[in-house]
Amino acid sequence: MSDGGREPTVGREARLPSGTPPRVRRVVGLVDTDSFAKWGAHLLASSPAHWRPEVVVVATPRSASRAQLGAAFRGLDARLAHLAAAPPEPVAVDAIVRRLRDDPPDAVLVACIGPVAELVIEEVTRRVGRRPVLLTGLPGISFPAKWKGVFLRARADLFVLHSHREVRAYRALASAGGIAPHFALATLPFARSVPVPGPSHEDEDAGVRDAVVFAAQPSVPAEEHDRRRVVGWLVDTARRHPEWRVVVKVRARAGEHQTHRERFPYPELLPADVPSNLVVASGPMAQHLTRAVALVTVSSTAVLEAAAQGVPALTLTDFGVSRALINEVFVDSGLEGDATDLIEGRFGTVRPEWMHDNHFHPASDDDWVERAESLMRLRDDGALVDRPAARRSRGGALRRAWERRNALGSADRSVLGTVALALGTPVRTAKRAARRVRRLVRPAAPHPVGAPRSQRDTRSSAAGHDEVTAAAERHGTRSG
């Protein structure tokens with residue numbers, strides 16, 4: 001990697017002697033919510049040909065629905081292509097652990113939300129003899145680095161990230177928190193410039209590009225009045241451009257769960273007189289991009305998917321630039337804009353100087369497969385060492401039962417989990433109330449928020465730069 005050096009590769013060199021065929025590796029991916037299912041399956045689909053990937057859906061209250069899984073599994077390689085038509089039924093954690101114990105794979109990719117990931121990693125470490133290598137990671141944009149993401153996955157052998165910038169940030173965060181860095185780089189599966197599935201033969205509009213696709217996020221922005229503002233901008237865009245379909249692309253239908261909870265779904269905020277060319281749709285993002293004139297969002301990973309396919313994009317900055325909005329990464333990307341840009345049809349393209357450090361590095365920089373192979377060889381030799389947990393809280397079996405119940409909710413029917421819930425709920429309620437009081441008495445200092453940016457600023461700045469460059473070149477010519 002060119003981001004200040006790689007973390008040391010564990011074990012022997014990943015390269016095999018010339019002519020030696022690689023050993024077939026069985027790798028099981030455990031997924032739960034919509035975004036983790038899409039990420040986990042597509043990451044495994046990008047693995048080497050000698051890996052034999054499988055995907056198991058973990059049963060939790062927030063597991064993706066069959067329809068969500070079908071959309072998440074579209075576009076996988078031949079090894080996993082069957083999943084789109086026949087998504088697997090969710091399996092209870094205990095049943096998954098029994099399967100892994102009876103027939104241990106070489107590695108397990110834990111692609112689950114934090115509490116579930118922590119539980120699964122702990123259960124496999126404690127209960128599976130000669131345990132498989134534990135891989136984990138985060139889907140989509142993971143900058144700025146978040147301590148909770150590291151904390152809950154600290155026992156995994158390898159933590160996969162998707163940009164040089166993310167690896168640097170998480171390495172620094174882990175080191176500051178006393179956790180040995182264990183991060184690897186992989187190209188985000190959705191940021192690969194590959195052919196995407198086109199419209200079906202039944203789609204009479206195949207080949208037409210007439211859609212402005214808004215990638216909705218469940219919690220960004222979070223407040224109802226801000227989300228109503230977004231709806232207003234989309235309505236104005238649809239009225240201003242009757243030749244376009246303005247698509248509010250949602251990740252869940254009514255009753256379906258998402259990785260992040262959504263308090264104010266966009267479909268419920270649409271006015272009664274919504275223009276006929278503004279529609280709500282779900283399904284695979286790749287499918288929508290085949291008709292897209294542009295992709296618009298606040299900070300969805302879909303913007304990277306669009307950029308990889310050469311579709312213009314806009315990251316709305318009307319609410320500012322901040323950690324909470326997950327849009328700091330797009331500063332100086334060339335994609336920033338505001339509602340006026342959206343309504344007037346101005347969209348951006350990615351600046352080349354931004355790309356290398358932010359998700360569009362060369363594939364040769366990726367090291368996750370190499371490092372996973374090294375760890376699997378350590379396992380072959382019986383030399384794989386367990387990593388310590390970051391959690392230092394005491395409580396023994398009762399504490400583990402509480403964490404299990406917190407992760408699985410009603411899917412955990414154990415007696416000890418019921419006891420832990422009865423004892424722990426009042427304590428958690430009291431702690432949350434105390435935190436709310438503290439916030440009222442001593443409000444936290446606001447995080448720095450950048451000012452809104454627009455395509456108009458970007459283009460005038462670029463034009464000014466071009467004029468300066470041209471002037472300098474003219475001066476150089478004259479003085480030469």
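What percentage of the 480 residues of the chain count as buried? In this predicted model, the share that counts as buried is 50%. The chain exposes about 22,000 Å², of which carbon and sulfur atoms supply 55%. Its secondary structure comprises 16 helices and 12 strands. Among contacts in the chain with a separation of 6 or more, 78% are accounted for by residues 24 or more positions apart.

When residues up to four places away in sequence are not counted, leucine 30 touches Val56, Val58, Ile96, Val108, Leu109, Val110, Ala111, Cys112 and Val120.

Because tyrosine 170 belongs to helix 7 (residues 164-176) and phenylalanine 183 to strand 6 (residues 183-185), the pair ties together parts that are 13 residues apart in sequence. Tyrosine 170 and phenylalanine 183 are both buried. A further pair is formed by phenylalanine 330 and tryptophan 354, whose ring centres are 6.1 Å apart; the planes are at 25°, so this pair is stacked. Phenylalanine 330 occupies the loop between strand 11 (313-316) and strand 12 (336-337), whereas tryptophan 354 lies in helix 12 (residues 352-355), so the contact ties together parts that are 24 residues apart in sequence. With a relative accessible area of 1%, phenylalanine 330 is buried, and tryptophan 354 also counts as buried, at 5% relative accessibility. Returning to tyrosine 170, this residue forms one aromatic cluster with Phe159 and Phe183.

Charged side chains also meet aromatic rings. The charged end of lysine 38 sits over the ring of phenylalanine 190, at 4.7 Å from its centre. Arginine 227 lies over the face of tyrosine 266, and the distance to the ring centre is 4.2 Å.

Helix 13 was inspected individually. Its 13 residues (368-380) should span 18 Å at 1.5 Å a residue, and the separation of the end C-alpha atoms, 18 Å, agrees with this expectation. The helix is mostly covered, as 11 of its 13 residues are buried. Glycine 382 follows helix 13 and has a positive phi, near 70°.

Histidine 288 provides a further local example of burial. This residue is located in helix 9 (residues 285-289) and counts as buried at 16% relative accessibility, because the cut-off for burial is under 20%. Residues up to four places away in sequence being excluded, histidine 288 touches Val213, Val247, Lys249, Ala281, Ser282 and Gly283.

Phenylalanine 143 and proline 144 are joined by a cis peptide bond with omega of about 5°; proline 144 is placed in the loop between strand 4 (133-137) and helix 6 (147-151). A cis peptide bond also joins valine 220 and proline 221, with omega of about -10°. Proline 221 lies in the loop between strand 7 (211-215) and helix 8 (224-240).

Positive phi values occur in residues other than glycine. Arginine 130 has a phi near 45° and is situated in the loop between helix 5 (114-127) and strand 4. Its relative accessible area of 51% makes arginine 130 exposed. Isoleucine 326, which is not a glycine, has a positive phi of about 55°. This isoleucine is found in the loop between strand 11 and strand 12, and isoleucine 326 counts as partly exposed at 22% relative accessibility.

Technical notes:
Residues are numbered from 1 along each chain as its sequence is written. This is a predicted model: local features need pLDDT of at least 70, side-chain atom pairs count only at pLDDT 80 or more; totals for chains, interfaces and linings use all residues. Side-chain values use heavy atoms; hydrogens and water are left out. Helices (H or I, at least four residues) and strands (E, at least two) are DSSP runs, numbered from the N terminus. Buried means under 20% relative accessible area, exposed over 50%, partly exposed in between (1.4 Å probe, protein chains only). Rings of Phe, Tyr and Trp (its six-membered ring) pair if their centres lie within 6.5 Å; planes under 30 degrees apart count as stacked, over 60 as edge-to-face and the rest as tilted. A charge sits over a ring if NZ of Lys or CZ of Arg is within 6 Å of the ring centre and within 35 degrees of the ring normal. The expected span of a helix is 1.5 Å times one less than its number of residues. Contact means heavy atoms within 4.5 Å. Accessible areas come from the Shrake-Rupley method with a 1.4 Å probe; for residues, only the protein chains shown count as cover.
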